[in-house]
Amino acid sequence: MSENIYSEIIVAIFLLIGTIFSFLSAIGLIRLPDVYTRAHAVSKSASLGVLCTLFGAFLFFLIADGYFSIRLILGIFFVFLTSPVVAHLLNRAAYRSNVELAKESVQDDLKEFLGGNEK
Amino acid sequence: MFNLFLMGCLFFLTLSIMAALYRVIKGPSMPDRVMALDNIGVNLIAGVAILSILLRTHAFLDIILLIGILSFVGTIAFARFIERGVVIERKHIQ
């Protein structure tokens, strides 16, 4: 019985970390001023939150049922692999389609680099 | 107690999905909306994982992989469409 309580406490800590990071990324998605800063908030924080949540679920099924779920391992690996790729492609699409930066930004290094083939 | 905690986690995930939905509706540019939709997909993965703990079943773990792959493919297609105007390019005939 006490072992069950300890496993629930460990799983609850992982789920709490994951949920807090997802909620913070949502707050960043609302409050930040720009596409690029919003992508910065969303990609890192939300992917870390979902990784912690999936690892908590994996630990729960491993401890409570003795069930080694290879699908959750694959899900963790896949989210870890694809989340930065999605953020990179969306940022590149936003810059190439001339979404402007926020007013507070001071420097745009890509402008002189991509200045020749501006659409 | 543990079930109540899991329901609290689901409540906060629902709040973050609502925030992303606000960004989908109001977002000034097109990549904003696509990024918020991708964030909704990621939060949905975490929601399915918490729900499968809450119901004590293994049956939903395929859904996690499925939502991940579908969200990735859809977001890549939208990014290519925003950048180049087409999703699948044709081969040039010399």
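Good morning. Between chain B and chain A there are 7 residue pairs in polar contact, both residues being at pLDDT 80 or more. A polar contact here is a pair of N or O atoms within 3.5 Å; within protein, one must be able to donate a hydrogen and the other to accept it, and residues adjacent in sequence count only if both atoms are side-chain atoms.

Please note that this is a predicted model, in which local features need pLDDT of at least 70 and side-chain atom pairs count only at pLDDT 80 or more, while totals for chains, interfaces and linings use all residues. Residues are numbered from 1 along each chain as its sequence is written, chains are lettered from A and ligands numbered from 1 in the order in which they are written, and side-chain values use heavy atoms, with hydrogens and water left out.

Let me begin with the interface as a whole. On the side of chain B that touches chain A, helix H1 (2-26), helix H2 (30-55) and helix H3 (61-84) each supply at least two residues. Helices are DSSP runs (H or I, at least four residues), numbered from the N terminus. H2(B) gives the largest share of that side, with 15 residues. By type, the residues on that side of chain B are 29 nonpolar, 9 polar and 7 charged. In this division, Ala, Val, Leu, Ile, Met, Phe, Trp, Tyr, Cys and Pro count as nonpolar, Asp, Glu, Lys and Arg as charged, and the others, Gly among them, as polar.

In terms of contact (heavy atoms within 4.5 Å), 45 residues of chain B meet 45 residues of chain A. The size of an interface is often given as the accessible area lost when the parts come together. The area buried between chain B and chain A is about 3900 Å², and carbon and sulfur atoms give 77% of it. Three residues, B:Met35, B:His58 and B:Glu83, supply 17% of the area that chain B buries against chain A, more than any other three residues. Buried area is the accessible area (1.4 Å probe) that two parts lose on being put together, summed over both.

I turn now to the charged pairs.

B:Ser29 sits in the loop between H1 and H2 of chain B and is buried, at 13% relative accessibility. Buried means under 20% relative accessible area, exposed over 50%, and partly exposed in between (1.4 Å probe, protein chains only). Apart from neighbours within four places in sequence, B:Ser29 is in contact with A:Val35 and A:Val99.

Another salt bridge joins B:Arg56 to A:Glu8, with the closest N and O atoms 3.9 Å apart. B:Arg56 lies in the loop between H2 and H3 of chain B, and A:Glu8 in helix H1 (residues 2-31) of chain A, so the pair joins two chains.

B:Asp62 is partly exposed, at 40%.

B:Glu83 and A:Arg96 also meet in a salt bridge, at 2.9 Å from N to O. B:Glu83 is buried, with a relative accessible area of 8%, whereas A:Arg96 is partly exposed at 35%. A:Arg92, A:Arg96 and B:Glu83 are linked in a network of salt bridges.

Is H2(B) largely enclosed or open? Of its 26 residues, 20 are buried, so H2(B) is largely enclosed by the rest of the structure. In H2(A), 22 of the 30 residues are buried, so this helix too is largely enclosed by the rest of the structure. A:Ser22, in helix H1 of chain A, is buried at 1% relative accessibility. Leaving out residues up to four places away in sequence, A:Ser22 touches A:Gly49, A:Val50, B:Leu13, B:Ser16 and B:Asn43. Thank you.

How values were computed
A salt bridge is a side-chain nitrogen of Lys or Arg within 4 Å of a carboxyl oxygen of Asp or Glu.
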